[in-house]
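Me: I would like to learn how to read the contacts of a side chain in a protein model. Could we go through some cases together, slowly?

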Amino acid sequence: MSKSLDLGCGLQPKNPFNAQEVYGVDVRDDAEAHIVKADLVVEPIPFPDSSFEYVTAHDFLEHIPRLIYVPQRRNAFVEVMNEIHRVLKPGGVLMSFTPAYPHAAVFRDPTHINFITEETFPLYFDNQLRWASVYGFKGSFEILSQEWRGPHLLSLLRKV
């Protein structure tokens, strides 16, 4: 039985992989829709290790700050990527769909505070360079694909 988790899911978790069980995380609870409340900027994903074959993040990662002080310095985006890696099963897939630089949509919304580029995942979170490891990233992903869909970058990453 395949399971998928949609981060920042809003009113209804998305299920692009047609998983048999679908859950969401948002800033509010909705037990009927399988949505669990958590503020992922400062809280872990509220599911056990290796719970999901898929994690999706549609128009979500651009809202996670790269750096916060609460009260100590924390790399919130790196922590979220660690959490995604933690809840994915080995070989599990992350789908990120986010407005990306150089498109104006990246900057238009004042709540977009994390600017993703075509190089963010391949340089910092891949299984080759892993530059984010100096900021505390513990996992690695194989970059399966990246493609532009208008101003959005669709990235598929497999947990290594």
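Reply: Let us begin with a polar contact, meaning a pair of N or O atoms within 3.5 Å, where within protein one must be able to donate a hydrogen and the other to accept it, and where residues adjacent in sequence count only if both atoms are side-chain atoms. Here a polar atom of the Asn114 side chain lies 3.1 Å from the backbone oxygen of Leu61. This is a predicted model, in which local features need pLDDT of at least 70 and side-chain atom pairs count only at pLDDT 80 or more, while totals for chains, interfaces and linings use all residues. Residues are numbered from 1 along each chain as its sequence is written, and side-chain values use heavy atoms, with hydrogens and water left out.

Me: With which side chain does the side chain of Asn114 make a polar contact?

Reply: The partner is the side chain of Arg66, at 2.6 Å. If we ask about contact in general, meaning heavy atoms within 4.5 Å, and leave out residues up to four places away in sequence, then Asn114 touches Leu61, Glu62, Ile64, Arg66 and Phe77.

Me: Where does Asn114 lie, and does Asn114 count as buried or exposed?

Reply: Helices (H or I, at least four residues) and strands (E, at least two) are DSSP runs, numbered from the N terminus. Asn114 lies in the loop between helix H2 (105-108) and helix H3 (120-124). Buried means under 20% relative accessible area, exposed over 50%, and partly exposed in between, with a 1.4 Å probe and protein chains only. Because its relative accessibility is 1%, Asn114 counts as buried.

Me: How many salt bridges does a search of the whole structure find?

Reply: Side chains of opposite charge can pair when their charged atoms come close. A salt bridge is a side-chain nitrogen of Lys or Arg within 4 Å of a carboxyl oxygen of Asp or Glu, and the search finds eight. One of them joins the side chains of Glu53 and Lys89 (2.8 Å, N to O). Glu53 lies in strand S4 (residues 52-58) and Lys89 in strand S7 (residues 88-99), so this pair ties together parts that are 36 residues apart in sequence. Lys89 is partly exposed, at 27% relative accessible area.

Me: Which residue forms a salt bridge with Arg149?

Reply: That residue is Glu147, and the closest N and O atoms are 2.8 Å apart. Elsewhere, salt bridges that share partners join Asp49, Glu83 and Arg86 into one network.
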